[in-house]
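Let's take a friendly walk through this model, from its ligand to the way its parts meet. Have the structure open as you read.

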Amino acid sequence: MKVAWAGSRETLELSDRMAKLVANDPVFEKFTRPMLGRKELFKNTLRKAAHGWKLIVDLRLTEEEAKWLRLYIDEPAYTDLHWGMFIPAIEGQGTEEQKKKWLPLAQKMKIIGCYAQTELGHGSNVQGLETTATFDPQADEFVIHSPTLTSSKWWPGGLGKASTHALVYARLIVGGEFHGVHGFIVQLRSLEDHSPLPGITVGDIGLKFGNGAYNTMDNGVLRFDHVRIPRNQMLMRVSQVTKEGKYMQSDVPRQLIYGTMVYVRQTIVVDASKALSRAVCIATRYSAVRRQFGSRNGGPETQVIDYKTQQSRLFPLLASAYAFRFVGEWLKWLYMDVKQRLEANDFSTLPEAHACTAGLKSLTTTATADGIEECRKLCGGHGYLVSSGLPELFAVYIPACTYEGDNVVLLLQVARFIVKTVSELGYKQPVGTTAYMGRVATLMQNNCAVRTAEDWLNPGAIVEAFEARAARMAVACGRQLAKFENPEEGFAELASDLVEASVAHCQLIVVSKFIEKLQQDIPGKGVKQSLEILCYVYALFLLHKHQGDFLAVGYLTPKQALLANDQLRTLYSKVRPNAIALVDSFNYTDHYLGSILGRYDGNVYPKLYEAAWEDPLNDSDVADGFHQYVQPILKQKLHSAKL
Ligand SMILES: CCCCCCCCCCCCCCCCCCC/C=C/C(=O)SCCNC(=O)CCNC(=O)[C@H](O)C(C)(C)COP(=O)(O)OP(=O)(O)OC[C@H]1O[C@@H](n2cnc3c(N)ncnc32)[C@H](O)[C@@H]1OP(=O)(O)O
Ligand SMILES: Cc1cc2nc3c(=O)[nH]c(=O)nc-3n(C[C@H](O)[C@H](O)[C@H](O)COP(=O)(O)OP(=O)(O)OC[C@H]3O[C@@H](n4cnc5c(N)ncnc54)[C@H](O)[C@@H]3O)c2cc1C
């Protein structure tokens, strides 16, 4: 199962090597992180990033190895934005000449870049950004300016203190005419002493949610006062401005300016399974250690993992971690395919790639953020201790529901794609993830054929149920929209229904990709069978949770919904014997898990007890401040016995 989870034996060995490299290096210690003040915390992150980079250079790590190293270092840093957004943006939107100039500098870390798109006043609405880039033909330069307070760049990671350069998104003005938002490479700080260049005001935006957590990142604020950059620092693959001040658009679609977001959304889906599996590993191991009630004749109490309620909350999350792992693998393939096509100027699959990355980013991050919190509750009181690893994991993860596109805004993008597909059904055969809509007549007509709980153990029955639900919800939205004279008004009015239809479509993708995975050759005794059980758990759990949808569209009867729930209970009993092995298969070191509750050896209570004594409050028996603030209260003489 470790090989199935990793994807291949080579990946398992490689990731294992990187995990151990990090776990055995004292620089990457992370357990004191939540206790550090901001300055100390940030300096320590700079130290870790520098040490990580030294290892990459000294050990000549491959790109793949470097990515695993970053994962196991487990600390957001400015380098994420440099490697994860600044460089990909230049790769995707720069001309050959621009790539030749900037990529070697960035790849050798001679410059440090960030991705400065969001502003104080606008994040989701990219076309609403206010920063301007005005072309000055006399000087052959752009003048970058922040005309209002709300145009201040706000949020970019790595901007606050680390970056020397930023990829700034600004409204292009040529000859007094606006030409939409474009990307510009702007130097922010001196390469000699790191001080801000003239016209640049830059700093950190302040503390964020949770102790430690995302506070290792210097999310920044940035203002420009008529800062001049050479003309060739506008990324010009999509459109160009000539020396003479002529704006020209190439055959490349304008949407490619948003291409970096497609790339990062894809990586976020891949990472969702890592965050969720980590929380699930902690909660599952601890649920086997923890005992409450049920002792007979002085024997041991019941392991909480044996309670059906615990199983019905925990095992769907375990199944979701596997489901997200496999859909992430598929999405990576889809993205690589689109990337190759884009390089060859074939843009035909870009809309589907946008819809899939946006929708799956939204679906998986929402479920993962909720899942981590559920795992905390599954660990009872001890889950609330920082040493459980869950509070920091939650705090560091939840912004994923917002960054790279607010999850609701992204589902509305999926809705546009679905509505368009439905409206074109009469003359255009849908392909890819919307191919099922080509069978819409059958899906509208056929109802569920399940008669017994066992009938649900059939991939065909499951896929058809999810297809029918998604198709019927999409068609219902289409019919409702048709009643509006103004389609945009209709879209705004029906937004909540459209979001639900998008969720149905995205859940269908995850379920289908899990089932497709099971059609591949999966070596190892019992591995495929265990994955089949998890796949049914994932699908039937969703069906149970959203049974209102399946009933409302008239595909299921209440009896069939009940049978699905009966089957789910049986499946939980089948997961139980292998639950610990299924989380051990993630192959996480204790260092990466960062949790006393999730320790591999299960030695939870002695270690919790030991850790309590390491808290700085326990450095002395009498607390600092006792004599000043508590003792006077104890000693005070009140005039009356009553307060
Ligand atoms: C120690 C050493 C380390 C070594 C290092 C090793 C390697 C380490 C690697 C690390 C990797 C880490 C990965 C990165 C970490 C992640 C950290 C996250 C940080 C966060 C960053 C950000 O948040 S950046 C800002 C993100 N902002 C958004 O997402 C904004 C959301 N808004 C939008 O995307 C859009 O504006 C919109 C989608 C809402 C569009 O709205 P609107 O309707 O106004 O659209 P337009 O009119 O502009 O366009 C409509 C038209 O375009 C189509 N479309 C929209 N978006 C896209 C797209 N992305 N791609 C393709 N097409 C798109 C849309 O469908 C419409 O099409 P039509 O055909 O016209 O319908
Ligand atoms: C930790 C973190 C790191 C970040 N890093 C970066 C970075 O490196 N670079 C960068 O440029 N940006 C970065 N961002 C900014 C991030 O991309 C934006 O915050 C995000 O895109 C959401 O935009 P917003 O803040 O404008 O939210 P808003 O759009 O203001 O959302 C507020 C609410 O309004 C709703 N809403 C908005 N529009 C609509 C609509 N059309 N229909 C219905 N509801 C709507 C949303 O659902 C949400 O509930 C980061 C943000 C965070 C939290």
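Predicted model: local features only at pLDDT ≥ 70, side-chain atom pairs only at ≥ 80, totals over all residues.

| Domain | Residues |
|---|---|
| domain 1 | 2-75 |
| domain 2 | 88-250 |
| domain 3 | 259-431 + 440-584 |

Between domain 1 and domain 3, the C-alpha centres are 29 Å apart. Where these two touch, domain 1 supplies 6 residues and domain 3 supplies 9 residues. On the domain 1 side, helix 1 (residues 2-6) gives the most, with 3 residues. That side of domain 1 is made up of 5 nonpolar residues, 1 polar residue and no charged ones.

**Around the ligand.** Which residues are closest to ligand 1? They are Gly52, Gly84, Val126, Tyr258 and Gly405, in a shell of 34 residues. Elements giving two or more residues to this shell include helix 3 (38-58), helix 4 (63-73), helix 9 (350-378) and helix 11 (407-423). The largest share, 5 residues, comes from helix 5. Sorted by class, the shell around ligand 1 holds 15 nonpolar, 14 polar and 5 charged residues.

**A helix pair.** Helix 7 also gives two or more residues to the ligand shell. Helix 7 packs against helix 10 (residues 390-397) at about 165 degrees, and their axes are 11 Å apart. An angle over 145 degrees counts as roughly antiparallel, so helix 7 and helix 10 are roughly antiparallel to each other. Their crossing is left-handed. Helix 7 makes the contact through Ala275, Arg278, Ala279 and Ile282, while helix 10 uses Leu390, Leu393 and Tyr397. By class, the residues of this contact are 6 nonpolar, no polar and 1 charged.

Definitions and conventions
Residues numbered from 1 in each chain as written. Chains lettered and ligands numbered in written order. Near = placed C-beta within 6 Å. Helix = DSSP H or I, 4+ residues; strand = E, 2+ residues; numbered from the N terminus. Nonpolar A, V, L, I, M, F, W, Y, C, P; charged D, E, K, R; others polar. Axes fitted to C-alpha atoms, helices over the stretch in contact; angles between N-to-C directions. Parallel < 35°, antiparallel > 145°, perpendicular 65-115°, else oblique. Left-handed = near helix turned anticlockwise from the far one by under 90°. Contact = placed C-beta atoms within 7 Å. Domains from an automatic or database assignment.
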